[in-house]
Amino acid sequence: MKGRNPTSKEKKHMDRVSQLGCVVCFLNGFYGVPSEIHHIEGKTKEGAHFKVLPLCYQHHREGSFTDTYVSRHPWKKEFEERYGTEKDLLELVNELVKKG
């Protein structure tokens with residue numbers, strides 16, 4: 001991983017987040033879809049590893065823009081128009097993590 005190495009507390013948080021499954025799929029009624037971590041503010045800032053979203057491959061980095069789904073990379077604007085801002089999604093993810 002490029003950037004600052006996560007602390008043990010950050011690793012634990014990222015593990016909890018990834019176990020939620022893709023947050024976009026969740027919003028569409030598909031629960032527990034395997035996910036990977038997406039950092040919304042890069043990986044070098046302090047606290048960056050707490051600002052992460054669980055996204056499946058298709059919603060994260062497949063690079064697609066279709067009627068069915070939009071990948072965050074490279075389509076950030078379109079992704080946020082369709083699913084909400086990354087900050088709004090982060091709030092939802094943090095609520096779900098708290099509920100555990």
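Residue E36 belongs to strand β1, which spans residues 36–39; helices (H or I, at least four residues) and strands (E, at least two) are DSSP runs numbered from the N terminus. The model is predicted, so local features need pLDDT of at least 70 and side-chain atom pairs count only at pLDDT 80 or more, whereas totals for chains, interfaces and linings use all residues. Residues are numbered from 1 along each chain as its sequence is written, and side-chain values use heavy atoms, with hydrogens and water left out.

**Surroundings of E36**
- Beyond its neighbours within four places in sequence, E36 is in contact (heavy atoms within 4.5 Å) with L53, P54, L55, Y57, H60 and R61.
- The C-alpha atoms of E36 and Y57 lie 7.0 Å apart, although 21 residues separate the two in sequence.
- The side chains of E36 and R61 are joined by a polar contact of 2.6 Å. A polar contact is a pair of N or O atoms within 3.5 Å; within protein, one must be able to donate a hydrogen and the other to accept it, and residues adjacent in sequence count only if both atoms are side-chain atoms.

**Helix α1**
- Helix α1 covers residues 8–20, and its 13 residues reach 19 Å from first to last C-alpha, close to the 18 Å expected from 1.5 Å times one less than the number of residues.
- E10, H13, M14 and V17 are the buried residues of α1, buried meaning under 20% relative accessible area and exposed over 50%, with partly exposed in between (1.4 Å probe, protein chains only).
- The buried residues of α1 pack against β1, β2 (52–55) and α5 (86–99).
- Just after α1, G21 adopts a positive phi of about 90°.

**Nonpolar core**
- The largest nonpolar core has 19 residues, of which V24, L53, L55 and F79 touch the most other members. Such a core is a set of buried Ala, Val, Leu, Ile, Met, Phe, Trp, Tyr and Cys residues joined through side-chain atoms within 4.5 Å.
- At least two residues of this core come from each of α1, α2 (23–27), β2, α4 (76–83) and α5.
- Helix α5 gives the most to this core, with 4 residues.

**Cysteines**
- The structure holds 0 disulfides, a disulfide being a pair of cysteine sulfur atoms within 2.5 Å.
- The sulfur of C25 is 3.7 Å from that of C22, its closest cysteine sulfur, and this is too far for a bond.
- C22 counts as buried at 1% relative accessibility, and C25 is buried at 10%.
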